[in-house]
Amino acid sequence: MAVLLKERVTPRARPKTAPAAPALLPVNTILRGDCIENMRALPSASIDMIFADPPYNLQLGGDLARPDGSHVDAVTNDWDKFASFATYDAFTREWLAQAHRLLKPDGSIWVIGSYHNIFRVGAMLQDMGFWILNDIVWRKANPMPNFKGTRFTNAHETLIWAAKSEKARYTFNYRAMKTLNDELQMRSDWVLPICSGAERIRKDGVKAHPTQKPEALLYRVLLATTHAGDVVLDPFFGTGTTGAVAKRLGRNWIGCEREAAYIAVAQERIAMALPLDESALKTMQSRKTAPRVAFGQLVESGWIAPGAQLADRKGRHLATVRADGSIDAGGEPGSIHGIGARVQGAPSCNGWTFWHVMHEGEVKPIDALRQLYLLATED
């Protein structure tokens, strides 16, 4: 299905160059065949984000066996075999060049790999003008052991996140990531299980794809670096993890895949994926882009009742909320910031994070209620 998509400009992602003309994009479609040829057919500066899980060029030497003699499933497919490093590098440079052409000026790219390929990919990204923002270590909660006992267990893979250029105003939903991580800043080491159990797709008892990625990994990537309605391209679509998660999160997707068996699995999987309700898609906003909210708005709208008791995190200082949105500590009313500073003997105070209140049986910073208020009132 092709739809007419206009480039969306947000306060955090405003191109410094003129936006590209509206382009006819085959969104929510799997493009069959070679990824480089399919990428060449797409218009320049039309993609918001690319997630790439390219062949790792594992260079495996022979079969792997467990101590009990049973066979270990490994990546032995032809699509992961290259005659030499030079051949692999030429292939990588070609698809990365197309990726750079396709990204909007403020777009970004994610590439996942192992020690076999990720360092080569990283150097090429920099050579092509991409600006590396983070390397994320996906630490597997349940990695496959090293059965030969000749090396450390390979317990992680690396994701490189890069903007199209050094000056790109890329999308990063910082607040959403902090909320996802229990109000702690999201770190660059992610502990997530490998794809197993019911999530692992099997056909006739055999894995449908040897390197199927867990949906939790793509969920975090898409939630962090795209907005609803964005177009996400996956040049190595496989069994469609990117498409399934994109559909759930209200993002558009385009996949490139040449293996018919993978395409069939992906189509069936994405058809079954249920998009989240629109209200569930609303995420915590960046403090820079969120509308300004006065403490009094929470009082007048009933989120915090007049007479409610506020306290600092350790309960050493108390204040009472007044009907006009001021608070009173020891008979001296003032703002949440001014009173917070006074009780501490400090020159200033961020009252939103200093003061806490009981809400739904939990003690929360009043900033948490402000964020809930923003979600409830967002258009």
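Select Arg-316 to start: at 59% relative accessibility, this residue counts as exposed. The model you have open is predicted. The side chains of Arg-316 and Asp-312 meet in a salt bridge, 3.4 Å from N to O. Is Asp-312 buried or exposed? Asp-312 counts as buried, at 4% relative accessibility.

**Next: Arg-120 and Asp-89**

Select both residues and show their side chains. They meet in a salt bridge at 2.8 Å, N to O. Which elements hold the two partners? Arg-120 sits in helix α3, residues 118–127. Asp-89 sits in helix α2, residues 85–102. The pair therefore ties together parts that lie 31 residues apart in sequence. Colour by accessibility here. Arg-120 is partly exposed, with a relative accessible area of 29%. Asp-89 is buried, at 12%.

**Next: Arg-342 and Glu-332**

Move to Arg-342 and Glu-332. Their side chains form a salt bridge, 3.7 Å from N to O. This pair links distant parts of the chain, 10 residues apart. Arg-342 belongs to helix α10, residues 336–344. Glu-332 belongs to strand β16, residues 332–334.

**Next: a network**

Select Arg-175, Asp-367 and Arg-370 together. These three residues are linked in a network of salt bridges. Side chains of opposite charge can pair when their charged atoms come close. How many salt bridges are there in the whole structure? A search of the whole structure finds 13.

Now select the cysteine sulfurs. How many disulfides does the count come to? The count comes to 0 disulfides. Zoom in on Cys-35, which is in no disulfide. Its nearest cysteine sulfur belongs to Cys-256, 6.3 Å away. Check accessibility before leaving. Cys-35 counts as buried, at 8% relative accessibility. Finish on Cys-349. Cys-349 counts as buried too, at 16% relative accessibility. The cut-off for buried is under 20%, so Cys-349 falls within it.

How values were computed:
Residues are numbered from 1 along each chain as its sequence is written. This is a predicted model: local features need pLDDT of at least 70, side-chain atom pairs count only at pLDDT 80 or more; totals for chains, interfaces and linings use all residues. Side-chain values use heavy atoms; hydrogens and water are left out. A disulfide is a pair of cysteine sulfur atoms within 2.5 Å. Buried means under 20% relative accessible area, exposed over 50%, partly exposed in between (1.4 Å probe, protein chains only). A salt bridge is a side-chain nitrogen of Lys or Arg within 4 Å of a carboxyl oxygen of Asp or Glu. Helices (H or I, at least four residues) and strands (E, at least two) are DSSP runs, numbered from the N terminus.
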